[in-house]
Amino acid sequence: MSIPILEFASHTKGRNAQVRIFHDRIEWELKRSLSAGKLTAGLLTGGVSLLGTGVKHGNAFTEMIPLKRVSSVTTRRDGMMYTIVSVITTGNTIDFRVSHSEAKHVTDTLNRLIMQA
């Protein structure tokens with residue numbers, strides 16, 4: 001198993017995806033998490049609503065993107081605290097939402113690796 005060059009969390013839709021950049025690929029994983037809305041509904045209904053729905057929301061998933069499929073990396077500001085780093089591939093665009101300072105590091109790392117591939 002190889003060691004990632006860079007690891008960071010992407011903050012999207014109220015959930016954090018764990019992203020790992022390797023020499024030849026990008027892997028990211030979004031785990032199931034607790035739903036604040038479901039917990040609130042559970043409190044208001046005395047727990048009855050949790051019996052049918054549970055407290056976790058969404059589906060967990062992983063994705064692996066070979067760096068040879070990445071054609072470019074772009075950035076755009078997303079409010080006062082975050083930057084969206086868009087990884088453009090041959091069939092998709094994946095957005096990672098990170099802090100402004102982290103975006104520079106992520107973009108530089110990806111661009112360097114793309115040029116080497």
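Author: Rings of Phe, Tyr and Trp pair if their centres lie within 6.5 Å, and planes over 60 degrees apart count as edge-to-face. The model shown here is predicted. The structure holds two aromatic pairs.

Reader: By what is a pair of aromatic rings described?

Author: A pair of aromatic rings is described by the distance of the centres and the angle of the planes. Here F8 and F96 make an edge-to-face pair, with 5.9 Å from centre to centre and 85° between the planes. Since F8 belongs to strand 1 and F96 to strand 9 (residues 93-99), the pair ties together parts that are 88 residues apart in sequence.

Reader: Which residue forms an aromatic pair with W28?

Author: That partner is F96; the geometry is edge-to-face, at 5.7 Å centre to centre and 90° between the planes. This pair also links distant parts of the chain, with W28 in strand 3 and F96 in strand 9, 68 residues apart.

Reader: Are W28 and F96 buried or exposed?

Author: Buried means under 20% relative accessible area. W28 has 12% relative accessibility and therefore counts as buried; F96, at 2%, counts as buried too.

Reader: How is the sheet with strand order 1-2-3-6 to be read?

Author: In a regular strand the side chains alternate between the two faces of the sheet. This sheet is open, has four strands and shows antiparallel pairing. Strand 1 (6-12) and strand 6 (61-66) each have a single partner strand, so one side of each is left without a neighbour in the sheet.

Key:
Residues are numbered from 1 along each chain as its sequence is written. This is a predicted model: local features need pLDDT of at least 70, side-chain atom pairs count only at pLDDT 80 or more; totals for chains, interfaces and linings use all residues. Side-chain values use heavy atoms; hydrogens and water are left out. Two strands pair if DSSP finds at least two bridges between them. Helices (H or I, at least four residues) and strands (E, at least two) are DSSP runs, numbered from the N terminus. Rings of Phe, Tyr and Trp (its six-membered ring) pair if their centres lie within 6.5 Å; planes under 30 degrees apart count as stacked, over 60 as edge-to-face and the rest as tilted. Buried means under 20% relative accessible area, exposed over 50%, partly exposed in between (1.4 Å probe, protein chains only).
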